[in-house]
Amino acid sequence: MRRLVRNALLAVGLYAVLFGFLLDRPLSLGPLRAELQQKASRLSRLPSPKLVILAGSNGPYSHSCAVIGQMLGLPCENAGIAVGFGLDEIFNRYDASLRPGDIVYMPMEFSQYAMSAAQYRAFADGELLLRHDRSALLKLPPGRVAGALFCCTLADALEALVEMPLAGMNRNRLNREYNAEGDRIDNQLAGADHALLAAAPSSYPFTARDIETGYGTRLIERFINRQRAKGVIVIGGWPVELASIHIRPATLAAVARIYGVDFLDLANKSRYPSADFFNGPEHLAQPCQFKHSIMVARALGRLLHRAVSPPRPAVSALASTCPG
């Protein structure tokens, strides 16, 4: 029995040293970590009042801070991060940079509301936190800490051994993919991946109950309440999605109720034909990203009783080429 316990402790110790201090995945996970750090850093330097777009990948792909911020006359950060990052970590990193009078627009993906606590424990950012930012990890709920501590497998170790010698390949990747406001800029060609669009489901699996009981919804509601209590304006909105995907009206209503009266209910529910998309559902090609952003800016202006400037001529010209 002693030998069994000793071997188990040695195995745990070796695991902790490997994944906590030695192994890394700079190609598959490194850009996500750098993106979050970059956006959090820029957000902390923006003067108030400012506009923050907060969502999953439909934030930077389908919304343009460069367009919306210019039209509303506000400094803007497109702070959306891929859905594989936990909202608890994102909210913690952004919280101190949000001040009274700031505006947070949240066209969150439906899956971000419906995700369970178990799914959060398995998120990839747990591995990043364990390796690079254990102080931030310890600020998260115990379940998330446990998930990070037991995040990795032999397959992850093998991937790390392959990726680590190639770390320099990602040096300028973010500069090619994002502008200074956090918008995606590598999405110029519409319909670039018809296979992904064709593989999209015909209907969303989420019910109103999924939204109402989701662990993600609890995190989002806490964030909304905390920000509104300190004078931040939080406005909900629809994520961009394919028009061909059926979403239950009750599911839409459940999302809108989370935000109360501060909800941007666009007439088209942010739904667009497949020709408008870049590489899959939720990711518009740049002309349609601009067209959607012009629509969002005008609607936010009405909701906030704020003057709205016309978009720059080059933006209008590009938006006019959106097929949908």
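**Basis.** I am working from a predicted model, in which local features need pLDDT of at least 70, side-chain atom pairs count only at pLDDT 80 or more, and totals for chains, interfaces and linings use all residues. Residues are numbered from 1 along each chain as its sequence is written, and side-chain values use heavy atoms, with hydrogens and water left out.

**Fold and dimensions.** I looked up the secondary structure and found 18 helices and 9 strands in the protein chain, where helices (H or I, at least four residues) and strands (E, at least two) are DSSP runs numbered from the N terminus. The radius of gyration is 21 Å, close to the 20 Å that the globule rule gives for 324 residues, so the chain is as compact as a globular protein of that length; the radius is taken over C-alpha atoms, and the rule is 2.2 Å times the number of residues to the power 0.38. Along its principal axes the C-alpha trace spans about 70 × 40 × 40 Å.

**Surface.** The accessible surface comes to about 14600 Å², with 61% of it belonging to carbon and sulfur atoms; the areas come from the Shrake-Rupley method with a 1.4 Å probe, and for residues only the protein chains shown count as cover.

**Disulfides.** I searched for disulfides, that is, pairs of cysteine sulfur atoms within 2.5 Å, and the structure holds 2.

Cys 65 is joined to Cys 76, with 1.9 Å from S to S. The torsion about their S-S bond is about -55 degrees, so this disulfide is left-handed. Cys 65 lies in helix α4 (residues 65-72) and Cys 76 in strand β2 (residues 76-78), so the pair ties together parts that are 11 residues apart in sequence. I also noted that Cys 65 and Cys 76 are buried.

Cys 288 and Cys 322 form another disulfide, with their sulfur atoms 2.1 Å apart, and at 105 degrees about the S-S bond this link is right-handed. It connects distant parts of the chain, since I find Cys 288 in helix α17 (residues 286-304) and Cys 322 in the segment after α18 (313-319), 34 residues apart. Cys 288 and Cys 322 are both buried.

Methods:
Buried < 20%, exposed > 50% of the residue type's maximum accessible area, 1.4 Å probe, protein only.
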